[in-house]
Amino acid sequence: MTATLSNRTLPNVLLLAVALVVVVCAPTGTAASGVTSSVSPPDPSNATFKIERDTVALVNGRAEREAAPGSATKVTTTLADPRVSGDVDGDGRPDTVVVLIYQPGGSGTFFYVAALLNVSGGVTTTPAVLLGDRIKVTGVKLDGRTIVVDVLDRTAGQPLSESPSVASTKRFVVDRGALVAQ
């Protein structure tokens with residue numbers, strides 16, 4: 001009876017071993033996303049962003065348009081160098097966080113942060129969030145799923161004509177497709 005039981009058990013043990021090898025050797029990723037880790041982070045160079053009430057479509061990292069019909073004044077938006085990639089929305093896919101420099105035609109140079117989310121249906125962008133006017137962004141990094149932006153700013157009442165020198169850190173998380181300050 002022991003030999004008969006072993007003859008029946010051996011095929012089941014082999015089947016279990018093959019199933020285990022298939023699971024262990026499967027591509028990495030998250031079960032929830034069903035996407036492998038070979039997915040690349042989104043390229044922000046030709047993305048479209050929402051900045052305040054303006055929709056800005058970058059071409060090779062830059063957008064420019066007339067401030068008003070027939071105006072010589074231009075509204076320009078450029079992609080800044082500090083950017084970082086990682087999973088900021090928790091779906092297992094790499095996303096990209098960028099800093100945008102928005103010059104609406106006056107004396108201001110506004111800095112914004114936005115994220116390109118690598119979702120199952122493609123890439124979406126979060127609405128851009130203002131970091132400040134005429135500041136200096138010194139770094140962008142991820143702390144887990146938290147976006148950390150280091151900036152130099154000014155003290156309250158300090159003229160915008162003076163160089164920013166006060167270090168501060170701003171933190172954001174993605175919540176329902178938008179960046180939320182922490």
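Reader: What makes the pairing of Glu64 and Arg62 a salt bridge?

Author: In this predicted model, a side-chain nitrogen of Arg62 and an oxygen of Glu64 lie 3.0 Å apart. The cut-off is within 4 Å, so the pair is called a salt bridge. Side chains of opposite charge can pair when their charged atoms come close.

Reader: Why is Arg62 called partly exposed?

Author: The relative accessible area of Arg62 is 40%. Buried requires under 20% and exposed over 50%. The value for Arg62 falls in between, and therefore the residue is partly exposed.

Reader: How do you know that Thr76 is buried or exposed?

Author: Thr76 has a relative accessibility of 9%. Because the limit for buried is under 20%, Thr76 counts as buried. Thr76 is placed in strand β4, which covers residues 74–86. Beyond its neighbours within four places in sequence, its contacts include Arg62 and Glu64.

Reader: What makes Arg93 and Asp91 a salt bridge, and why are both residues called buried?

Author: The closest N and O atoms of Arg93 and Asp91 are 2.9 Å apart, which is within 4 Å, so a salt bridge is assigned. Arg93 has a relative accessible area of 8%, and Asp91 has a relative accessibility of 17%. Each value is under 20%, and therefore each residue counts as buried.

Methods
Residues are numbered from 1 along each chain as its sequence is written. This is a predicted model: local features need pLDDT of at least 70, side-chain atom pairs count only at pLDDT 80 or more; totals for chains, interfaces and linings use all residues. Side-chain values use heavy atoms; hydrogens and water are left out. Helices (H or I, at least four residues) and strands (E, at least two) are DSSP runs, numbered from the N terminus. Buried means under 20% relative accessible area, exposed over 50%, partly exposed in between (1.4 Å probe, protein chains only). Contact means heavy atoms within 4.5 Å.
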